[in-house]
Amino acid sequence: MTQYSTDAIRKSYLEFFKSKSHLAAHSFPLIPQNDNTLLLINAGMAPLKRYFTGADTPPATRMVTCQKCVRTGDIDNVGITSRHCTFFEMLGNFSFGDYFKREAIEWAWEYLTKTLEINPEKLWISVFHEDDEAYNIWVDEIKVPTQRMVRLGKEDNFWELEVGPSGPCSEIYYDRGEQYSCDEPDCKPGCDCDRYVEIWNLVFTQFDKDEKGIYHPLANPNIDTGMGLERVAAVLQGKNNVFEVEPFISLIRKTEVTSGKKYEADKKSDISFRIIADHTRAMTFLIGDGVIPSNEGRGYVLRRLIRRAARHGKLLGIQDHFLHQLSQDVVLGWGEAYPELKANQEQIKQVIEIEETKFNRTIDQGMSILEQYCQEMDKQKEETLSGEKAFKLYDTYGFPFELTEEILKEKGLSVSYDAFKQYMDKQRQQARQARQVSGKESWVGGDLKIEGVAGTVFLGYDQVKTFAQILKLYNADHEAVTSLEEGGFVVLDQTVLYAESGGQVGDHGLLIGQNGSATVNDVIKANNDIFLHQVTLQEGQVLNVGENVEVTLNTIDRNATQANHTATHLLHWALKTVLGAHVNQAGSQVDKDRLRFDYSHFEGPSKEQLKVIEEKVNEMIAQNIQTTVNYMTLDEAKNSGVIALFDAKYGEEVRVVAIPGVTSELCGGTHVTNTGHIGLFKIVSEGGIASGIRRIEALTSLKALHYLNQIEERFYQVAQLLKTTPEHIETRVDQLQKELKEKDKTIQAMKQASIEAEMSDLENQFTQINDIKAFILSLADADSDTLREVSDKIQDKYDDAVVVLASQNQDKALFIASVSKPLVKKGLHAGNIVKEVAKVAGGGGGGRPDFAQAGGKNPDQIEKALEKGLEVIKDMIK
């Protein structure tokens, strides 16, 4: 094999093992499927883990992949060293109880020495020091000289987890030559110098390790191998590092053009070049697999990569957005092997550009503030930035802590993370408390702190009425009182009314006491999980502290609300089923009238997908599935696969609401006991609300039916307006469209005739500037098509014309500019002309050198704008 490109190596590897009866599978997504233990796929075997453990049956006992991987543990070393990458491709062949050491070793040697034509004398082998079987295969059967064999200990050549599959491994090294040696007499694989590069690791999973650390032989040992594609390509191409390998180096060359700086001219700049190339590739693949920027989980990994690359772009002098354009080169370089990049090309570009825009709004100001802090530290001889200042940068200016830490590190300074975390935790606590009273500031202020009450017992999961004692009363001014005669707030020892939380609104109900009754309009949680009942009393009614009251739930409103809540769980499941497992809840609100569900997804679902989602929810409703509620520990919940944000805070015991066979979620809200009680589900709107976050609004039960009835009524009204029957609407619309087309043709013909009649006059209305004819004209009531047609006719007649046309169309100004091709070669540019013209009318635009168009908000400035056009043309031909 003479072609050592990454594409060629990737293809040859897969083809080689296909010839050895391996099933070649496309790379699995970077987002782990059915595995909550990983944030992102970080190894070739990671997506196959359930095959190795026996949890799932593999599609074949022999498999081969080139797997996309992301590791961020060494992100601080990326760009600094020549080896570290956040994203990499891992070539791997796997056996699930099929072949073992002999075949794995023989095939690895055959592929390297025969297919890749690597000189066998350049290859060294390491084995686990107790693995005589592997050692003997290498020496006796492969004929590797003993002087190129190295036995290493458990730290280097044994793979294991705390409990479970484990085994020795054998690594294949490439000798780069004495020039890379540390000159130690015992220099060999295992040494820290750069002479020996590990290119392939063969893991022989032959043991099952128990809790006591005892290794039990597996009845069916497995093979798990991994070879870094970029690393082996660098070795074969004789490159010093992976960043010099195509198509990686193309990203660096593109950044050279954008920045105006040269790679390998300055060591500090080289780091930025490599970081930009690495991070752009990683962000492109992450977005291509459905990850979106956010402030948590894998979304935060992506956001950090984008912002870190953007910052290093600024260090190279790049002020404008550029990463979204560079990502297109990633698609170009890797899209053939990974068609999902081409399929999501526009989304990738859009997501990165939006994130660049967000970051650019804050980074310049944050950098300036941080520089001031550094100057203050220098004056005061300090070396550590306070956590308070780091938090201010983060909270006020949107400056990531990691970026602060990195910049300080470059200056030989540090920052106190523990102190920063204290401020962060304090803010999160305040945010949680704020959410508890979100939207209720009109009747619950921050000054209302309830003391002397341990909490409120909630009985409303299975009761609709109870008796309770009034513990506290507050008037409308949040003052504690002993009696309440108007509107105010009531604290009870127990209640059946749900307090707003988890996106579900508070219940409505009634309090009946000895001397009157009160209507409960809302319930929220105050401090210490105390339920605050907001009430109104009729004139002459009174409630007193210490008295007992009957608490009754408004079941009509509750039933409608909990139908919407259970529907959100079904909707969440349906979204994951149709759009992908990466979809997660980003917020929700349910009340008696409708439900709102926010979710993470990188693009808007199609109409067909929304229809399938809606149908799936209604299918589950029609199946009348009994819902279940169970209490368990958080660990038990995690292991059972429930849906939850596991970085949120939960108590020792959690409540799991399940629709058996469909979905189960951690949830403290109220739900229907049977999905059939939801009745009907109808999506009424879907749209984006933030970068990567979308929102669905839907109706259930009678509200959904009323909505459909209204649509039906409008349908009949439209039929009446069209003077037809509902069943013939489409035919009638087709007929009207044909009539309109005929009328459009007539109008167009009249316009054409009018233009032809005027052209003889327009063709002579030019200003001669040297050897150029400048047509600067305003046409009344002309649309953009008419302006273009007039421009084309002038250009057809003259080869020395510059045309600038304008017209008022409704309340806007339209402009068109065109330049004859011979004049374009002389430097005249239609895009630049129309850009300056449109500015005068409060607009903008641009285009090609030979043709461009623009608009303006101030049509009353058309004459001045055309005067500006003449000035610009004169300046261009000076």
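A salt bridge is a side-chain nitrogen of Lys or Arg within 4 Å of a carboxyl oxygen of Asp or Glu, and this structure holds 40 of them. Keep in mind that this is a predicted model, where local features need pLDDT of at least 70, side-chain atom pairs count only at pLDDT 80 or more, and totals for chains, interfaces and linings use all residues. Residues are numbered from 1 along each chain as its sequence is written, and side-chain values use heavy atoms, leaving out hydrogens and water.

**View 1. Glu340 and Lys68 join up in a salt bridge.** Their N and O atoms sit 2.6 Å apart. Helices (H or I, at least four residues) and strands (E, at least two) are DSSP runs, numbered from the N terminus. Are the two residues buried or exposed? Both Glu340 and Lys68 are buried. Here buried means under 20% relative accessible area, exposed means over 50%, and partly exposed is in between (1.4 Å probe, protein chains only).

**View 2. Lys209 meets Glu160.** The closest N and O atoms of this salt bridge are 3.2 Å apart. Lys209 belongs to strand E8 (residues 196-209) and Glu160 to strand E6 (residues 158-160), so the bridge links parts of the chain 49 residues apart. Lys209 counts as buried because its relative accessible area is 15%, while Glu160, at 28%, is partly exposed.

**View 3. Asp507 and Arg558 form another salt bridge.** The N to O distance is 2.7 Å. Asp507 lies in the loop between strand E17 (494-495) and strand E18 (509-513), and Arg558 is 51 residues away in helix H16 (residues 555-579). Asp507 is buried, and Arg558 is too.

**View 4. Salt bridges tie Arg308, Arg311, Glu406 and Glu410 into a network.**

**View 5. Tyr263 and Phe273 make an aromatic pair.** Rings of Phe, Tyr and Trp (its six-membered ring) pair if their centres lie within 6.5 Å; planes under 30 degrees apart count as stacked, over 60 as edge-to-face and the rest as tilted. There are 33 aromatic pairs in the structure. Why is this one edge-to-face? Its ring centres are 5.7 Å apart and its planes meet at 75 degrees, so it gets that label. Tyr263 is in the loop between helix H7 (248-259) and helix H8 (267-288), and Phe273 is in helix H8, ten residues apart. Both residues are buried.

**View 6. Five rings gather in a cluster.** Ring pairs connect Tyr13, Phe16, Phe17, Tyr111 and Trp200.

**View 7. Arginines sit over rings.** A charge sits over a ring if NZ of Lys or CZ of Arg is within 6 Å of the ring centre and within 35 degrees of the ring normal. The charged end of Arg176 is 3.7 Å from the ring centre of Tyr180. Arg788 lies over the face of Phe851, 4.0 Å from the ring centre.

**View 8. Cys69 is in no disulfide.** A disulfide is a pair of cysteine sulfur atoms within 2.5 Å, and the count by this rule is zero. For Cys69, the nearest cysteine sulfur belongs to Cys66, 8.5 Å away. Cys69 is buried, with a relative accessible area of 0%.
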